[in-house]
Amino acid sequence: MAIFANSTSLSLSKALDVKKRLFQGFDSLKQLKHVHAVLLRLGLDEDNYLLNMTLRFSFDFGDTRYTRLLFNQIKQPNIFLWNTMIRGLVSNDCFTESIEFFHSMRKEGFLPNNFTFPFVLKACARLSHFRFGIILHAFVVKVGFDSDVFVNTSLVSLYVKCGYIEHAFKVFDDIPCKNIVSWTAIISGYIAVGKCREAIDMFRRLLEMGLRPDSFTLVRVLSACVQIGDVGSGDWIDRYITGIGMARNVFVATSLVDLYAKYGNMEKARRVFDGMGEKDIVTWSSMIQGYASNGLPKEALDLFFKMLNEGLKPDRYAMVGFLCACARLGALELGDWGSNLMDRNEFLANPVLGTALVDMYAKCGSMAKAWEVFRGVKEKDRVVWNAAISGLAMNGHVKAAFGLFGQMEKFGIQPDGNTLVGLLCGCTHAGLVDDGRQFFNSMGPVFPFTPTIEHYGCMVDLLGRAGLLDEAHHLIKSMPMKANAIVWGALLGGCRLHRDTQLAEHVLKQLIALEPWNSGNYVLLSNIYSSGHKWDDAAKIRSIMNDKGIQKIPGCSWIEFNGIVHEFLVGDKSHPLSDSIYAKLGELEKALKAAGYVPKTDNVLFDIEEEEKEHFLGCHSEKLAIAFGLISTDPKHTIRVVKNLRVCGLCSCKEYW
């Protein structure tokens with residue numbers, strides 16, 4: 001008896017050692033196999049508890065073949081072991097195999113429980129097996145789990161994934177005690193089928209029930225706000241998030257940054273960003289892209305370099321924002337340098353990155369490099385083709401753009417509205433009115449889409465530049481949609497070019513009604529009144545601006561030198577080389593006058609003295625930038641200047657009051 005007792009005690013001791021080892025976890029499958037061998041040697045291979053732990057750990061290494069071999073050696077697997085196998089297979093994306101195991105379990109006479117159904121239903125959802133899902137739903141009711149919140153939540157997710165939102169809501173509505181996972185499932189379902197307003201309403205109901213959403217729920221409902229542009233709901237959700245102390249959660253805060261950035265409120269986006277204790281690369285990328293896409297390229301670049309100083313490597317989204325900012329500033333050298341932060345093969349293998357690089361080179365005037373990247377992109381989607389066509393068009397290579405368009409069709413890439421925008425812009429730059437009309441009229445009869453407001457804007461611009469102002473005005477009046485500020489602005493450009501002040505006055509009144517905050521429209525209308533000596537009308541416009549507190553947007557020009565972007569304002573004397581810059585301008589002015597040049601002061605439409613007009617014309621922001629470029633570079637260096645406003649007939653004078 002004593003010998004038997006000692007033997008039993010030793011076995012229990014070793015079993016406890018094995019259990020302790022299992023609780024510690026494993027670094028490799030080899031370690032796990034070693035413990036499995038110990039189980040077999042000690043005769044513990046029938047201990048389902050220890051075997052269950054072994055099975056669970058084996059799934060951590062992704063080798064489901066070994067796990068199946070281990071399971072097949074078990075003499076009498078119980079429901080827990082079957083559930084572990086089904087759960088593990090689902091977790092390793094082996095959805096078909098998990099359903100097969102479910103069928104095998106049923107053949108062995110085991111009834112599924114509330115731990116089995118959620119994972120089998122998840123496998124059905126991932127495979128979109130709607131019919132089998134219906135069978136499982138009936139089985140759930142039959143075995144009495146139709147009130148279980150976890151099972152029903154899985155059913156909601158199944159119906160959502162298969163596109164049956166009404167079925168999903170019916171199941172959700174019948175859940176007696178809904179938890180936060182259930183609410184999140186139905187909210188995600190509404191978002192998946194494009195019913196974002198309903199998703200936001202469900203979130204309100206969730207709060208009314210006294211439930212506290214988790215980070216995933218908040219991220220989902222904020223994504224709904226982004227999709228429908230509901231910044232108002234985003235604002236109150238932001239306040240709620242702050243109230244419950246989740247504003248520093250990296251996932252929630254990043255969603256808020258994305259919301260505000262996508263709808264142009266970069267001040268709020270920055271406030272959320274700066275308040276985050278922890279920021280991941282997604283957060284930085286959202287802010288950088290937000291600045292770049294909202295006309296704040298300098299801020300985008302500053303943040304990009306701050307990110308690099310934090311030791312973070314840019315991902316493709318940060319790089320797209322960076323390249324977009326470089327394109328806006330004409331910063332070719334900086335964009336070229338930044339593109340080397342990632343392997344060139346990444347640009348050529350990823351159409352999004354490739355498009356951004358093509359666009360940057362094209363907008364900086366280096367079409368040869370843009371073309372080189374375009375040719376190297378491995379899988380050219382329609383967006384890449386469009387970027388190349390637009391790049392050729394904006395750089396004056398209109399025939400090449402037309403040729404590339406022909407190749408695009410030969411390769412079976414169907415053009416879209418953006419393709420035609422690029423072609424129409426090319427026609428505008430080259431003054432090809434007939435070609436532009438042909439492309440415009442082909443939308444609908446030839447191409448399977450109708451002209452959008454962007455296409456009308458391009459045509460108005462083309463006709464206006466060609467002096468066909470009446471035709472352009474008639475086109476605006478015949479549009480099937482209401483003209484926006486871009487369309488009217490295109491007609492205004494033609495009026496200014498061809499000095500039609502009467503039509504320009506009408507256009508500016510339309511623009512002021514559409515953009516009551518835009519100072520430039522008031523300035524130009526006042527200038528027109530001034531040019532016609534209507535001083536009272538001009539003064540009235542200025543008075544309206546003052547009463548409304550409208551501040552004029554200062555003209556600003558940027559020039560890149562040695563990878564650094566220099567910024568100039570009108571009359572700017574803040575630059576370290578300011579004395580040399582103005583000295584260079586003086587030299588140029590003397591040389592021009594000696595050559596017989598007389599400044600056209602009628603571009604400055606104000607009631608001021610001629611000498612003062614000449615002074616203003618001489619210190620425009622772009623002239624300061626050019627002078628800086630001349631004193632800083634050798635004669636062979638290309639000078640690229642980018643301006644935030646239209647460059648005038650002598651700088652457009654839009655930057656002056």
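Partly exposed means a relative accessible area between the buried limit, under 20%, and the exposed limit, over 50%. The legends below describe close-up views of a predicted model.

**View 1. Arg-437 and Glu-471 form a salt bridge.** Glu-471 has a relative accessible area of 33%, so the residue is partly exposed. The closest N and O atoms of Arg-437 and Glu-471 are 2.9 Å apart. This pair links distant parts of the chain. Arg-437 sits in helix α27 (residues 433–442) and Glu-471 in helix α29 (residues 469–477), 34 residues apart. Asp-434 joins Arg-437 and Glu-471 in a network of salt bridges. Across the whole structure, a search finds 16 salt bridges.

**View 2. Asp-258 and Lys-262 pair within helix α15.** Their side chains meet in a salt bridge, with N to O at 2.6 Å. The two residues are separated by about one helical turn, because they lie four residues apart in α15 (residues 250–262). Asp-258 is partly exposed, with 24% relative accessibility. Lys-262 reaches 51% and therefore counts as exposed, since the limit is over 50%.

View 3. Asp-174 is partly exposed at 47% relative accessibility.

**View 4. A nonpolar patch lies on the surface.** The patch is formed by Leu-577, Leu-588, Leu-592, Tyr-597, Ile-626, Leu-630, Ile-631, Ile-639 and Val-641. Together these residues have about 640 Å² of accessible area. Helices α34 (578–594) and α36 (621–632) each supply at least two residues of the patch. The largest share, three residues, comes from α36. Leu-630 is found in α36. This leucine is partly exposed, with a relative accessible area of 37%.

**View 5. Thr-84 is buried in helix α5.** The helix covers residues 79–91. Thr-84 has a relative accessible area of 9%, so the residue falls under the 20% limit for buried. Beyond residues up to four places away in sequence, Thr-84 touches Asn-52, Leu-55, Arg-56 and Phe-59.

Methods: Residues numbered from 1 in each chain as written. Predicted model: local features only at pLDDT ≥ 70, side-chain atom pairs only at ≥ 80, totals over all residues. Heavy atoms only, no water. Buried < 20%, exposed > 50% of the residue type's maximum accessible area, 1.4 Å probe, protein only. Contact = heavy atoms within 4.5 Å. Patch = residues over 30% accessible without salt bridge, like charges linked within 9 Å, V, L, I, M, F, W, Y side chains within 5 Å. Areas by Shrake-Rupley, 256 points an atom, 1.4 Å probe, with all protein chains shown as cover. Salt bridge = Lys/Arg side-chain N within 4 Å of Asp/Glu carboxyl O.
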